[in-house]
Amino acid sequence: MANDQKFGFSKSERLCSKRNLELLLAQGESINLSGIKVIYRLMAQAKPGFMQLAISVPKRNFKKAVDRNRTKRLIREVFRKEKQSINHLLQLKEQSLHLLIIYYYKQLPDLKLLVSQLTKAFAAIEKSIK
């Protein structure tokens, strides 16, 4: 893991590279849930268990930056709490993961609904790792 904190969300866990994002969009697999699309790409790299995340909330759905930022903050929080199980599997299989979460629902997210949807998505990702 990039940092020593189990539940942190460090700078190294953010997917910022334009090249990696393009590869993720071109070669990644997607999971569509109601209002959320998760695109992921498994890779065999030198750093097993390494995960990076990018979050997208379209401006056309939320005109106010406050609403977009709140949505991204909630998604990061759910990811931060749920990443341990995926991270453990990635280390066992010696793989790494790039994730893109797109929230395209037109209403502000409810935390409980967001947790249930992303937990389903993470369970599907865990299945593809095994």
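**A first look**

Q: Let's start with Lys 63: buried or exposed?
A: Lys 63 counts as exposed, because its relative accessibility is 62%; the cut-offs are under 20% relative accessible area for buried and over 50% for exposed, with partly exposed in between, using a 1.4 Å probe and protein chains only. Please keep in mind that this is a predicted model, in which local features need pLDDT of at least 70 and side-chain atom pairs count only at pLDDT 80 or more, while totals for chains, interfaces and linings use all residues. Residues are numbered from 1 along each chain as its sequence is written, and side-chain values use heavy atoms, with hydrogens and water left out.

Q: And where does Lys 63 lie?
A: Lys 63 is in the loop that runs between strand E3 (51-56) and helix H2 (65-93), where helices (H or I, at least four residues) and strands (E, at least two) are DSSP runs numbered from the N terminus.

Q: Which residues gather with Lys 63 in a patch of positive charge?
A: Lys 59, Arg 60 and Lys 106 gather with Lys 63 in that positive patch on the surface. A patch takes residues with over 30% relative accessible area and no salt bridge, joining like charges within 9 Å and nonpolar side chains (Val, Leu, Ile, Met, Phe, Trp, Tyr) within 5 Å. Accessible areas come from the Shrake-Rupley method with a 1.4 Å probe, and for residues only the protein chains shown count as cover. Lys and Arg count as positive and Asp and Glu as negative, with His and the chain ends not counted, and each charge is placed at NZ of Lys, CZ of Arg, CG of Asp or CD of Glu.

Q: Let me step back, then: how many helices and strands are there?
A: The protein has three helices and four strands, and starting from the N terminus its elements follow the order α-β-β-β-α-β-α. Its radius of gyration is 14 Å, close to the 14 Å that the globule rule gives for 130 residues, so the protein is as compact as a globular protein of that length; the radius is taken over C-alpha atoms, and the rule is 2.2 Å times the number of residues to the power 0.38.

Q: What does the C-alpha trace span, and how much is buried?
A: Along the principal axes the C-alpha trace spans about 40 × 30 × 25 Å, and 43% of the 130 residues count as buried.

Q: How many salt bridges does the count come to?
A: The count comes to three salt bridges, where the rule asks for a side-chain nitrogen of Lys or Arg within 4 Å of a carboxyl oxygen of Asp or Glu. One of them pairs Lys 83 with Glu 13, whose closest N and O atoms are 2.7 Å apart. Since Lys 83 lies in helix H2 and Glu 13 in the segment before helix H1 (18-27), this pair ties together parts that are 70 residues apart in sequence.

Q: Which side chains meet that of Glu 77 in a salt bridge?
A: Arg 80 meets Glu 77 at 2.6 Å, N to O, and the two are three residues apart in helix H2, which means that about one helical turn separates them. Lys 81 also forms a salt bridge with Glu 77, at 3.8 Å, N to O, and these two are four residues apart in helix H2, again about one helical turn. Through shared partners, the salt bridges join Glu 77, Arg 80 and Lys 81 into one network.

Q: How exposed are Glu 77, Arg 80 and Lys 81?
A: Arg 80 is partly exposed at 22% relative accessibility, as is Glu 77 at 29%, whereas Lys 81 is exposed at 52%.

Q: Changing topic, what is the phi of Glu 94?
A: Glu 94 has a positive phi of about 55°, although it is not a glycine. As background, most residues other than glycine have a negative phi. Glu 94 sits in the loop between H2 and strand E4 (96-103), and it is exposed, with a relative accessible area of 56%.
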